[in-house]
Amino acid sequence: MKALLLLTFVGLAWGQWHPNAHDGRHTMVHLFEWRWVDIAAECERWLGPNGFAGVQVSPPNENIVINSPWRPWWERYQPISYNLCSRSGSDSEFRDMVHRCNNAGVRIYVDAIINHMCGDGGGSGTHATCGSYFDAGRREFSAVPYSSVDFNDGKCGTSSGQIENYNDKYQVRDCKLVGLLDLALEKDYVRGKIAGFLNNLIDIGVAGFRFDASKHMWPGDIQDIVGRLKNLNSQYFPSNSKAFIFQEVIDLGGEAISASEYFGIGRVTEFKFGAKLGEVVRKWNGQKMSYLHNWGEGWGFMPTGNALVFVDNHDNQRGHGAGGASILTFWDSRVYKIGTAFTLAHPYGFTRIMSSYRWDRNFVNGKDENDWIGPPANGDGSTKPVTINSDDTCGNGWVCEHRWRQIKNMVIFRNAVTGHDLTNWWDNGSNQIAFSRGNRGFIVINNDDWALDATLQTGLPAGTYCDVISGNLSGGRCTGAQISVGGDGRAFFQISNASEDPVVAIHVNAKL
C-alpha cells in the first residue's frame, strides 16, 4: 500500500514538470500578444498539423489601459482583476480558443501574473480592459476584491518601497518590482484568490502556467498556491493530471536568489541558455561552436529535467531581462536560425520558441527608445489580426518565426529524435559542428568564414534524405537539397559559408 501511495504521489507531482503535451510533441511557441481568435485558427491550420506541443499565451486577465490608443506591451503585466478580458479577446473567445486548440492537439499555457497588481502610479478609475474600478493609491481593486491589507507595503524594508538591492532576498521578494504593487502572498486570503483564478483557467482546459516574476515570490508561497490547484480538465487530459508549471527566475549567478530554490515546484526558465548561446553563435569573447560539445549541465546550466529553454523571449529581445546584446532575435535572422536549429536539435531542456511582431526601433545611446511599443494596432488601439500570406508567412506587422520553414521543420525534427541520445559529435575545432540523435536525425552547422566539405558519420540508416532546412519532403520528393547516406552511415556534406542558412538537417521521417 505504501508503494502504491508513493507511485501515485510521484505520478501527480510529475505533472508539474511535464507539459501535458500529446505524445511526440516537444516544443511550445509563445504567440506574443496574439488575439484568441487568431490563436484558435493557428492551432487548427498550422500548429496542430506541424506537431507543436502548445502555445504560451499572453496574460488573459483584466489589466490597466495605459496611454490609449498607443498602448505599451507591458500593460498586460499590470493586473486589475482576474476577469478574462484583455485586448486579446473576451472570456468566451478565450474559452473557444482553449477548446479548439486542445481538439487540434495543441495545449494552452497561460502567462500568469500573480506576484503583483498594477503600478503604484496607475491612478484610479475604470481605465481597465473590463472597465473595473480600481484605485492604485489606496490599493483598492474592487473586482477581486483586494484592499490595502493584501499588499506588502508594510513588509518592505526600504525607504522607497522599491527593490534597491538584488543581493537582499527579502527586498527582492517583499518590495515593489519597478513600482508594481506587491501582493502579500503569505496571506491565506490572497493565496485563495490567486488559486481561484488559476483553477478557473484549469476548468476551461488550460494545460499549465508560466509564473511571471517568480524570483520575486517566496518559493513556499508559490508551493502553497500550486497545492490548491485542481486536477486538469478530464475532457482533454487523463485523470489526475496536474498543471505544468514553469517559473520565470532570472539567475545568471552572483545574486542572493538561485533558480534551484524553485526546482521543487516545477520547471524554471534557464536564462543562461540564450545568453551563452548568443555569445557562441556571434563568436564573441573567443567563443566557438566547437565548445558546445558539452552544452547543458556541462556549461553550468540547471539539470535538463528542470529547464525551460529558449533562444529569446519577449523581454530580452527588447534588451530587458537577462542576456544583454548577445541575445539572438529575428532582427538578425541568419544567426537566429542557426541558434534555433541548434536548440531544437540538442536534447537539453524543454524548448519554447518565440513568435514576435515588428516595431520601429529607435536607438539612442545604445537603447531602443521604442521598446515599449505594443502589438500591431488599429487607430483605436485594438490589436490587428494576424494575416497569412500565400507563402505561409504573416502580414500586418507580425513576424511569425514559428512559420519560417527552417524553424517549423526543426520543431518536427525535435519530435522525430526526442528520447535518443546525442551521438557522433564532430567539430573542426572552430565553428563547424555536427551531431546525431541516435539513429533518428543528424544536423550539420557551418558558422565559420570558410566552406564546409566533409564526409561524416550520421548514424542513420542508408538511404536518401531531404534536408529540412532548405526544403521539405513533399509528394515523395525533396523540394530542397538531398543527402545520400551510405550503408556505413556516412554521408558527404557541403555547406557554403555564404549561405543564408548554413545548416543541413536530416531525419528518418524525411527519408525518401
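Which residues does UniProt list for "domain: Glycosyl hydrolase family 13 catalytic"? I looked this up before opening the predicted model. The unreviewed entry in UniProt gives residues 26–414. In the model I find that span to be 24% helix and 14% strand, with its end C-alpha atoms 7 Å apart.

I then took "domain: Alpha-amylase C-terminal", which UniProt, again in an unreviewed entry, places at residues 423–511. I find 0% helix and 52% strand there, and 20 Å between the end C-alpha atoms.

Next, the cysteines. I count 5 disulfides in the structure. In sequence order, the bonded cysteines pair as 1-3, 2-4, 5-6, 7-8, 9-10. I also checked C118, which is in no disulfide; the nearest cysteine sulfur belongs to C130, 14 Å away. C118 counts as buried because its relative accessibility is 0%, under the 20% cut-off.

I looked at C85 and C130, joined with an S to S distance of 1.3 Å. This link is right-handed, with 90° about the S-S bond. C85 sits in the loop between β2 and α3, C130 in the loop between β5 and β6, 45 residues apart. I note C85 as buried at 17% and C130 as partly exposed at 31% relative accessibility.

For C156 and C175 I read an S to S distance of 2.0 Å. The link is right-handed, at 95°.

C466 is in strand β22 and C478 in strand β24.

Notes. Residues are numbered from 1 along each chain as its sequence is written. This is a predicted model: local features need pLDDT of at least 70, side-chain atom pairs count only at pLDDT 80 or more; totals for chains, interfaces and linings use all residues. Side-chain values use heavy atoms; hydrogens and water are left out. UniProt positions are given in the numbering used here, feature names are shortened, and annotations may be inferred rather than shown by experiment. Helices (H or I, at least four residues) and strands (E, at least two) are DSSP runs, numbered from the N terminus. A disulfide is a pair of cysteine sulfur atoms within 2.5 Å. Buried means under 20% relative accessible area, exposed over 50%, partly exposed in between (1.4 Å probe, protein chains only).
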